[in-house]
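Here is my note on the model, point by point. Please read it with the coordinates open.

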Amino acid sequence: MYDKNNVFAKIIRGEIPAKKIFENEYALSIEDIDPVASIHALIMPKGEYAEIYDFVSKASVEEQKGFWEVFQKTAEILDLKENFNTLTNSKKPPFFVQSVPHFHLHLIGGKKIKNLTNW
């Protein structure tokens with residue numbers, strides 16, 4: 001079940017400030033407040049999707065297109081069109097567990113600051 005009071009939902013509603021990078025009707029990107037590299041953005045849909053499978057199975061074509069437009073524009077703005085990593089987590093282990101229950105994609109580039117194993 002989606003938690004309407006998670007931190008990303010509050011950012012989307014404008015209740016919590018964030019450093020926005022790019023935004024359209026369907027999604028937005030922000031700077032990560034706990035980066036693992038010198039460039040670390042989060043891209044998230046504005047709709048209520050708890051994790052990636054929820055998004056790809058329930059979001060409309062327009063929402064999905066809008067999400068990927070924000071991804072593309074963010075990569076261009078941050079000059080990460082060729083050298084980057086992406087990561088998204090799910091609700092349960094075996095590896096990393098999503099800390100905020102709202103689907104988001106990490107766009108990571110630049111110089112490494114810390115290891116993902118400590119994340």
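1. Start with one salt bridge (a side-chain nitrogen of Lys or Arg within 4 Å of a carboxyl oxygen of Asp or Glu). Lys114 pairs with Asp34, and their closest N and O atoms are 2.7 Å apart. Lys114 lies in the segment after E5 and Asp34 in the loop between E2 and E3, so the contact ties together parts that are 80 residues apart in sequence. Lys114 is partly exposed at 28% relative accessibility. Asp34 is partly exposed too, at 40%. (Buried means under 20% relative accessible area, exposed over 50%, and partly exposed in between, with a 1.4 Å probe and protein chains only.)

2. A word on the basis. This is a predicted model, in which local features need pLDDT of at least 70 and side-chain atom pairs count only at pLDDT 80 or more, while totals for chains, interfaces and linings use all residues. Residues are numbered from 1 along each chain as its sequence is written, and side-chain values use heavy atoms, leaving out hydrogens and water.

3. The overall layout. The protein has 3 helices and 5 strands. From the N terminus, the order is α-β-β-β-α-α-β-β. Helices (H or I, at least four residues) and strands (E, at least two) are DSSP runs, numbered from the N terminus. Of the 119 residues, 39% count as buried. Take contacts (heavy atoms within 4.5 Å) between residues at least 6 apart in sequence: 57% of them join residues at least 24 apart.

4. The sheet. The 5 strands form an open, antiparallel sheet in the order E1-E2-E3-E5-E4. Its edges are E1 (20-23) and E4 (85-87), each of which pairs on one side only. Neighbouring strands are turned by 20° against each other on average, direction ignored. Pairing requires that DSSP find at least two bridges between two strands. Axes are lines fitted to C-alpha atoms, for helices over the stretch in contact, and angles run from 0 to 180 degrees between N-to-C directions.

5. Glu23 has Leu28 as its bridge partner in E2. Leu28 in turn has Met44 as its bridge partner in E3. E2 and E3 run antiparallel and are joined by 5 bridges. These two strands form a hairpin with 5 residues between them.

6. Strand E3 deserves a look. How many of its 9 residues are buried? The count is 7, and E3 is mostly covered. On its other pairing, E3 meets E5 in the antiparallel sense over 6 bridges. Ile43 has Leu105 as its bridge partner in E5.

7. Helix H3 over the sheet. H3 (residues 61-77) lies across E1, E2, E3 (37-45), E4 and E5 (105-112). H3 runs at about 160° to E3.

8. The structure holds 6 salt bridges. Lys20 and Glu23 make one of them, at 3.2 Å from N to O. Lys20 is partly exposed at 46% relative accessible area. Glu23 also counts as partly exposed, at 35%. Lys20, Glu23 and Lys46 are linked in a salt-bridge network.

9. Arg13 and Glu15 meet through their side chains in a salt bridge of 2.9 Å, N to O. Arg13 is partly exposed, with 42% relative accessible area. Lys10 is found in helix H1 (residues 7-12). Lys10 has a relative accessible area of 27% and is partly exposed. Leaving aside residues up to four places away in sequence, Lys10 touches Asn5, Glu15 and Ile16.

10. The surface. The protein exposes about 7400 Å², and carbon and sulfur atoms supply 53% of that. Areas come from the Shrake-Rupley method with a 1.4 Å probe; for residues, only the protein chains shown count as cover. Ile52, Tyr53 and Val56 make a nonpolar patch of about 300 Å². Ile52 is found in helix H2 (residues 52-58) and is partly exposed at 34%. Patches are made of residues with over 30% relative accessible area and no salt bridge; like charges are joined within 9 Å, nonpolar side chains (Val, Leu, Ile, Met, Phe, Trp, Tyr) within 5 Å.
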